Structure formats: structure tokens, C-alpha cells
Amino acid sequence: FQDATTRVETIADLDLTVVDPTGPIALDTEAAYEIRVRNRGSKSAEQVEVVVYFSEGVEPTSVEGGQHRIAPGQVLFDAIPSIPAGQDVTLQIRAKAGRSGSHICRVEVHCKPLDLRLVNEQTTRFYGRDGRPQESMISRDESSDARREAVRTAERERPTPAEPKTTRQ
């Protein structure tokens, strides 16, 4: 008989699901977002970080499911110490919009031990008190805010220029 050695390596495998409100939401009504981080792997995922960002004009009002800190337009959860294999963590956030339009909820999950980053974006449409569609309610200030934000984003993503070389003759 020959001896054989089998080596089994276990890994954590995270999956992110974001459930956003169905249909448009009236201003001054809370929109509910459910975030599920599931470990599909065979090993616990350690030190899982979750951060939620909202478009300008949307503010989180309440949070359930984990220790957190609310900042303007975002929720920062304390690192989840461990998500066992086959288990999940559910986080719930309620938010209100201060102005009508299509607003984004962006959820990022980071797990440094796994060198993993997951991102999920959902769009929620908020409408004004009179029920009219957003297009009839957009102000010039909102469109200029969007342009300024696009410029800021492009500036952050632009590579830093190299120092010019000088030559002597």
C-alpha cells in the first residue's frame, strides 16, 4: 500500500447584495435599504468593512444591524470581526432625500485579509410633494452641482503629472 496525502485549502468567498426601494419614493419619506454580506466560502471571513455612500441630497436617518457611525451622506460600519462560512450579515439603513431626482446608494465591502473589494450601486428615484416627475423640478443649481462633482471626480482620478525635466546647454 502507498500512503497518499490530500491537502484541502479553505477560503472565504464573500457576496454582496443590496435591496433598494421599489418604485419612486416621495420626498420626506424614508427609503429603506437592505445590505447582505454573505460568506459562500468554506472558511470564516475576518475583518469585513462596510461603507455606504449616498448622493448629495440624501441623508441616512437610522441604521440597524451593526455598530456604525453616521456622517454626512454616508454610514461607516465598524469592522465585522468574522462572518462564518455559510453565514451572512444583514444591515439596514433608512434615508431621506432633501430634493427630488435620481439618487445613488453605493455600498463598498472591503476585506483586507482576502484582498477583496466588492461594490454595488443602486439608484432610487425621489419625487416632489406634488407628484410631478423630476424633469419638471430640476433647478439650474442641481445641474451645476452635478457638473462640479464630475469635475472633482475627474481631478481625483487624474494621474499626477511628472516633474518637468530641465536640460542645460
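Across the whole structure, a search finds six salt bridges, where a salt bridge is a side-chain nitrogen of Lys or Arg within 4 Å of a carboxyl oxygen of Asp or Glu. Before you select any of them, note that this is a predicted model, in which local features need pLDDT of at least 70 and side-chain atom pairs count only at pLDDT 80 or more, while totals for chains, interfaces and linings use all residues. Residues are numbered from 1 along each chain as its sequence is written, and side-chain values use heavy atoms, with hydrogens and water left out.

Select Arg38 and Asp15, whose side chains form a salt bridge with an N to O distance of 3.8 Å. Because Arg38 lies in strand β3 and Asp15 in strand β1 (residues 14–19), this pair ties together parts that are 23 residues apart in sequence; strands here are DSSP runs of E with at least two residues, numbered from the N terminus. Arg38 is partly exposed, at a relative accessible area of 38%, and Asp15 is partly exposed as well, at 21%; the classes are buried for under 20% relative accessible area, exposed for over 50%, and partly exposed in between, with a 1.4 Å probe and protein chains only.

Arg40 counts as partly exposed, with 45% relative accessibility.

Next, select Arg106 and Glu108, where the side chains meet in a salt bridge at 2.8 Å, N to O. Arg106 counts as partly exposed at 23% relative accessibility, whereas Glu108 is buried, with a relative accessible area of 11%.

For the last stop, turn to the rings, where the structure holds one aromatic pair (rings of Phe, Tyr and Trp, the last by its six-membered ring, pair if their centres lie within 6.5 Å; planes under 30 degrees apart count as stacked, over 60 as edge-to-face and the rest as tilted). Select Tyr33 and Phe54: their ring centres are 5.5 Å apart and their planes stand at 65°, so the pair is edge-to-face. Tyr33 lies in strand β3 (residues 31–39) and Phe54 in strand β4 (residues 45–54), so the pair ties together parts that are 21 residues apart in sequence. Both Tyr33 and Phe54 are buried.

How values were computed. Helix = DSSP H or I, 4+ residues; strand = E, 2+ residues; numbered from the N terminus.
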